Amino acid sequence: MSLERLNPAGLSPPSGFSHAVTATGSRLVFLAGQTALDGDGRVVGETLPEQFETALGNLLTALEAAGGTPADLARVTVYATDVADYRAHAAELGGVWRRLAGRVYPAMAVIGAARLWDEQALVELDGFAVLD
């Protein structure tokens, strides 16, 4: 499996994402949207950073169950109910990402969502990975 991260000089320098990722491999893993649900199906965490940490942990747990690691992530989409709050906590969220997933970044987007499936959820992450 090979993922190549491309960040062309003509684009704004990326911070916490890659502009493009090319993937060569034999197995795609599509990761369902993960929120801050605990093992009992309850949303945990009152703040966006708390919920982001749990949601990312859930996404990485699903990836690991499929045989992948954070370095195999080709794309992650973040859905936030309050993009201004997401931006305000960007440095803290970046720290959570680096602690759980490392410094190799997939192609990413943050999309504002009026509401997520679980009413208490502030953030949801989905994505896909490429494995050998």
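A: A pocket here is an open set of points on a 1 Å grid over the protein atoms alone, where a 1.4 Å probe fits and protein lies on both sides within 12 Å along at least five of seven lines; lining residues have an atom within 4 Å of a point. This is a predicted model, with local features needing pLDDT of at least 70 and side-chain atom pairs pLDDT 80 or more, while totals for chains, interfaces and linings use all residues. Numbering runs from 1 along each chain as its sequence is written, and side-chain values use heavy atoms, without hydrogens or water.

So, to your pocket. Ser15, Gly16, Tyr86, Ala90 and Val110 lie nearest the centre of the largest pocket, out of 18 lining residues. Helix H2 (83-88), helix H3 (90-101) and strand E5 (107-112) each put at least two residues into that lining (helices, H or I of at least four residues, and strands, E of at least two, are DSSP runs numbered from the N terminus). The biggest share comes from H3, with six residues.

Leu93, Gly94, Val96, Trp97 and Ala101 of H3 are buried (under 20% relative accessible area with a 1.4 Å probe, protein chains only; exposed is over 50%, partly exposed in between). Looking down the axis of H3, you find its buried residues within an arc of 160° (taken from the axis-to-C-beta directions), so they line one face of the helix. Ala91 and Arg99 sit on the other side of H3 and are exposed. The cover over the buried residues of H3 includes helix H1 (48-65), strand E4 (73-80), H2 and E5. Once H3 is done, Gly102 comes just after, with a positive phi of about 90°.

Now back to Gly16, one of the residues nearest the pocket's centre. Gly16 belongs to the loop between strand E1 (2-6) and strand E2 (20-24). With a relative accessible area of 32%, Gly16 counts as partly exposed. Leave out neighbours within four places in sequence, and Gly16 is in contact (heavy atoms within 4.5 Å) with Tyr105 and Met108.

Thr77 is found in E4 and is buried, with a relative accessible area of 8%. Beyond four places in sequence, Thr77 touches Ala109, Ile111, Glu124, Leu125 and Asp126.
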